[in-house]
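Trainee: Could you go through this model with me, one question at a time?

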Amino acid sequence: MNVAIIMFFACALLAVAGAVLLILAREPIHSALALVLVMMALAVLYLLLGAPFIAAVQIIVYAGAIMVLFVFVIMLLNAGVEERTDFSKIAKFGGVPLGFLLLLEIAHWLYHSPVGTAIANGAGSSNEAADTAQLSEMLFRQYLFPFEATSILILIAILGALVLARKEQ
Amino acid sequence: MMSAVPISYYLVLSAILFGLGVVAFVFKRNIITIFMSIELMLNAVNLAFVAFARAHGQLDGLVFVFFVIVVAAAEAAVGLAIVIMLAQNRQSLNVERINLLKL
């Protein structure tokens, strides 16, 4: 057992616990805080995977901006305890076991996939962290057009949010 | 040592988080929480992207994660505006009550 494995399992446990908490919490604000926990744990995992830039973006944009937006809307709408409603019989006895079956199948496939086993032996992965300078060069050369397209996307999103959320005259 | 953790562990964690996101999406009744479960699924996919980028020693996966985060931000802005509009019109956040398109 080395430090990386221990760190991985600690963060994985935190992330899964946060996701379960998101499902179990009745108050939306508790779910939001659980989701922040998941995002923080994932940021540490990105650091572990050697992607410090993505880890920083994860904390700043996801855990910072997006979750603040969520918490803001929850407070604005005064969202309280969610109501419980009955599920249909088909969903309860058919959907839930099938969902778990699908999850198990995906996990099993991933664990035994050629990619997973090949990399487990250390093939193809380098030890040093991903170079942020290299990443930015890629972003502004090879992916320049998508990058510029996202700025238009953000602009349209701002306009859409403004139009949707404003009060009717 | 950084590469001591096998990539398959990350992929399994990603699958578990995605599955929990799907469960939350199906089970939750509050529209804001349903939105949050979509974010959880996006996060799970991002983890898989970073793991694969690491596995192949290429940076394209990281660039893709960057774009996913940008799109998620735009989606959250528009989606939450729709939630605010719905809450003003219907006085409820329960998705069972938002059934205008239902037969």
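Trainee: Leaving aside neighbours within four places in sequence, which residues is A:Gln58 in contact with?

Mentor: Happy to start there, with some ground rules: this is a predicted model, where local features need pLDDT of at least 70, side-chain atom pairs count only at pLDDT 80 or more, and totals for chains, interfaces and linings use all residues. Residues are numbered from 1 along each chain as its sequence is written, chains are lettered from A and ligands numbered from 1 in the order in which they are written, and side-chain values use heavy atoms, with hydrogens and water left out. A:Gln58 has its place in helix α3 of chain A (helices are DSSP runs of H or I with at least four residues, strands are E runs of at least two, both numbered from the N terminus). Taking contact as heavy atoms within 4.5 Å, its partners are A:Met39, A:Leu42, A:Ala43, A:Tyr46, A:Ala63, B:Asn43 and B:Ile69.

Trainee: Is A:Gln58 buried or exposed, and which side chain does its own side chain make a polar contact with?

Mentor: Buried means under 20% relative accessible area, exposed over 50%, and partly exposed in between, using a 1.4 Å probe and protein chains only. With 0% relative accessibility, A:Gln58 therefore counts as buried. A polar contact is a pair of N or O atoms within 3.5 Å; within protein, one must be able to donate a hydrogen and the other to accept it, and residues adjacent in sequence count only if both atoms are side-chain atoms. At 2.9 Å, the partner is the side chain of B:Asn43.

Trainee: What area do chain A and chain B bury between them?

Mentor: In contact across the two chains are 81 residues of chain A and 70 residues of chain B. Buried area is the accessible area (1.4 Å probe) that two parts lose on being put together, summed over both. Carbon and sulfur atoms carry 78% of it, and the total is about 7000 Å².

Trainee: How many salt bridges are there between chain A and chain B?

Mentor: A salt bridge needs a side-chain nitrogen of Lys or Arg within 4 Å of a carboxyl oxygen of Asp or Glu. Six residue pairs, both at pLDDT 80 or more, are in polar contact between the chains. The salt bridge count between chain A and chain B, however, is zero.

Trainee: Which helix gives the most to the side of chain A that touches chain B?

Mentor: Several helices of chain A supply at least two residues each to that side, including α1 (3–24), α2 (28–48) and α7 (144–165). With 13 residues, the one that gives the most is α3(A).

Trainee: Where is A:Ala51 found?

Mentor: A:Ala51 is buried, at a relative accessible area of 3%. Apart from neighbours within four places in sequence, A:Ala51 is in contact with A:Tyr46, B:Val50 and B:Leu62. Its place is the loop between α2 and α3 of chain A.

Trainee: Why is chain B more spread out than a compact globule?

Mentor: Chain B has three helices and zero strands. The radius of gyration is taken over C-alpha atoms, and the globule rule is 2.2 Å times the number of residues to the power 0.38. For 103 residues that rule gives 13 Å, so chain B counts as more spread out because its radius of gyration is well over that, at 17 Å.

Trainee: What is the phi of B:Gln91?

Mentor: B:Gln91 lies in the segment after α3 (60–90) of chain B, and is exposed, with a relative accessible area of 65%. Although B:Gln91 is not a glycine, its phi is positive, at about 60°.
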